[in-house]
Amino acid sequence: MPKPKSQSGCKNLISWNLIQLRQKHNLSQRDLAYKLQLLGYDIDKNVITRIETQKRYVTDIELQALCKIFNVTFEELISQSE
């Protein structure tokens with residue numbers, strides 16, 4: 001079964017917000033991946049890059065981990081206001 005994409009071809013809703021949150025917290029992609037790994041998530045820098053460039057879907061577990069790292073709600077993470 002094919003995975004759903006938006007009409008624009010985007011594979012996730014969080015790429016813009018993830019970039020903004022990462023920059024707000026002065027984290028590189030590598031730094032963010034390291035923080036996630038310390039929490040036990042198997043996410044490396046390349047995964048962060050693929051999420052931010054809309055080339056990868058994001059699992060609910062990864063969404064939960066990102067919310068925890070940045071201390072934001074799920075709604076804040078997926079909001080589409082730019």
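How exposed is Arg-56? Arg-56 is partly exposed, with a relative accessible area of 21%. For the cut-offs, buried means under 20% relative accessible area, exposed means over 50%, and partly exposed is in between, with a 1.4 Å probe and protein chains only.

Before going on, a word on what we are looking at, everyone. This is a predicted model, where local features need pLDDT of at least 70 and side-chain atom pairs count only at pLDDT 80 or more, while totals for chains, interfaces and linings use all residues. Residues are numbered from 1 along each chain as its sequence is written, and side-chain values use heavy atoms, with hydrogens and water left out.

Back to Arg-56, then. Arg-56 pairs with Glu-62 in a salt bridge, with 2.8 Å between the closest N and O atoms. By salt bridge I mean a side-chain nitrogen of Lys or Arg within 4 Å of a carboxyl oxygen of Asp or Glu. Glu-62 sits in helix α4; helices here are DSSP runs (H or I, at least four residues), as strands are (E, at least two), numbered from the N terminus. At 8% relative accessibility, Glu-62 counts as buried. A polar atom of the Glu-62 side chain also lies 2.9 Å from the backbone nitrogen of Thr-59. Setting aside neighbours within four places in sequence, Glu-62 is in contact (heavy atoms within 4.5 Å) with Ile-43, Arg-56 and Tyr-57.

How many salt bridges are there by this rule? The count comes to two. In the other one, the side chains of Glu-52 and Arg-22 meet at 2.6 Å, N to O. That pair links distant parts of the chain, with Glu-52 in helix α3 (residues 45–52) and Arg-22 in helix α1 (residues 15–24), 30 residues apart. Glu-52 counts as buried at 9% relative accessibility, and Arg-22 counts as buried at 9% too.

A nonpolar core is a set of buried Ala, Val, Leu, Ile, Met, Phe, Trp, Tyr and Cys residues joined through side-chain atoms within 4.5 Å. The largest one has 19 residues, and those touching the most other members are Ile-14, Leu-18, Leu-32, Leu-66, Phe-70 and Leu-77. Helices α1, α2 (29–38), α3 and α4 (60–70) each supply at least two residues of this core, and α4 gives the largest share, five residues. Take Leu-18: apart from neighbours within four places in sequence, its contacts are Leu-32, Ile-48, Ile-51, Glu-52, Leu-66 and Phe-70.

Let's turn to α2. Which residues of α2 are buried? They are Gln-29, Leu-32, Ala-33 and Leu-36. Seen down the axis of α2, these buried residues fall within an arc of 100 degrees, so they line one face of the helix; the arc is that of the directions from the helix axis to the C-beta atoms. What covers them includes α1, α3 and α4. On the face turned away from the buried side, α2 carries the exposed residues Arg-30, Tyr-34 and Leu-38.

One more residue of α2 deserves a look, and that is Gln-37. Gln-37 is partly exposed, with a relative accessible area of 40%. Not counting residues up to four places away in sequence, Gln-37 touches Ile-43 and Asp-44. A polar atom of the Gln-37 side chain lies 2.8 Å from the backbone oxygen of Ile-43. Finally, just after α2, Gly-40 takes a positive phi of about 100 degrees.

Methods. Polar contact = N/O pair within 3.5 Å; in protein donor to acceptor, adjacent residues only side chain to side chain.
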